[in-house]
Amino acid sequence: MKAGFLEKLIGRLGRIGPEEVQNYFLRLAEEKGFLETVFNAIQEGIIVADAGGRITYLNNAACDLFGLKAEESIGKHLDERVRGLDWKSLTQSGGAVSRDIEIFYPQNRFINFYIVPLLIERRASEDKVDSSGEGVGYAMILRDITQSRRTEQQTIESERLNALTLLAAGVAHEIGNPLNSLNIHLQLMQRQAEKLDGAARAELQESIDVARSEINRLDSIVTQFLRAIRPTHPQMHPENINTIVEEAVRFFASEIKDRDIVVEQELRSDLPLLRLDRDQMKQAFYNVIKNSFEAIKSRGILRIRTDSDESHVLISFTDTGGGMSAENLSHVFEPYFTTKPSGTGLGLLIVRRIVREHGGELAVESSEGKGLTLTIRLPHTDKRIRMLEAGERDAAA
């Protein structure tokens, strides 16, 4: 309904009867209810705010995107309800603005904000309308672009890994041969050191030990690099995921005891068997548990839980470490990104490659100072394909 109609109505209130006023307001109420029904039926989020950024309306989709309740949000500032949103930068241009943002609550998503100012036409006289209008607020249309952004990221990641794969064989060869040669010469130096006595022997032995440690570290980096990017073919067999978890935890038994770490296991007993490559999945669990142990201090806690839904088995690892900031969390799967002084930044890359080769998904949730939860979702043996009903197919088309 045009603003001009409302101005005419307000101007005539003193000259019309009560019944006519009632009819006008019933008409307004019906139109408002109809529009709210339409807005709540569409998938895009819609938020209307006044000129100061206070929310005056939001539909169900917007509430779902940001984990809000409409009745608690009306009248509140938008940047108060949506933490981290820079309201001034979104509205300072004075015109329509389109921005992409990443949110982490209630789910990690990418959202496109399309913001347009709302203008009300003012009548300069009986016959003329001021076309410039007066700004009374903003309308925002929110689209969930998570799938397209992740597809784009996967494409970029795939191209990057393909380039790394082409270099991997040559790099491993060029580095591997000198490492072997260095090891041989260190063995010769070791024999010479054994012939010395006193301080000279101790000094040379210390240098040999340092060199050998650095060679082993470099060899480990090259090995992890090749594991992270080299294409593999999992040997699938029906396996009990709980058994693999327990074996992975037993591998760290001595470290758990030495550092007084508590590992709590809540393993659901009625999980279906999964078709897995046992060794690869165990390697993935090793990397996750190792990362957790490096993040938590002595007497920290690692909780490992297995569960299932209608299509997947879920394995979650929750530690009581320092967690990660939102900025670091967005880079966690990039090659060589690490927050540890001695980390290689390849551990989670290996985990994600293994999980994806098993048709699964990997999710990380964290808050700085509040620990981290990594969840692996693996499809059931009998749930790898889901038939769509005719209605779903038509809707997708």
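View 1. E357 is partly exposed, with a relative accessible area of 26%, where partly exposed lies between buried, under 20% relative accessible area, and exposed, over 50% (1.4 Å probe, protein chains only). R353, by contrast, counts as buried at 14% relative accessibility. Their side chains meet in a salt bridge at 3.3 Å, N to O, the term standing for a side-chain nitrogen of Lys or Arg within 4 Å of a carboxyl oxygen of Asp or Glu. Because the two residues are four apart in helix α13 (residues 347-357), about one helical turn separates E357 and R353; helices (H or I, at least four residues) and strands (E, at least two) are DSSP runs, numbered from the N terminus.

The model is predicted, so that local features need pLDDT of at least 70 and side-chain atom pairs count only at pLDDT 80 or more, while totals for chains, interfaces and linings use all residues. Residues are numbered from 1 along each chain as its sequence is written, and side-chain values use heavy atoms, with hydrogens and water left out.

**View 2. The salt bridge between E247 and K282.** The side chains of E247 and K282 meet at 2.7 Å, N to O, in a salt bridge. This pair links distant parts of the chain, with E247 in helix α9 (residues 241-251) and K282 in helix α11 (residues 278-295), 35 residues apart. K282 is buried, its relative accessible area being 16%.

View 3. A salt bridge (3.4 Å, N to O) joins the side chains of E266 and R305, linking strand β7 (residues 262-267) with strand β9 (residues 301-308) across 39 residues. R305 is partly exposed at 36% relative accessible area, and a network of salt bridges links E266, R268, D270, R305 and D307.
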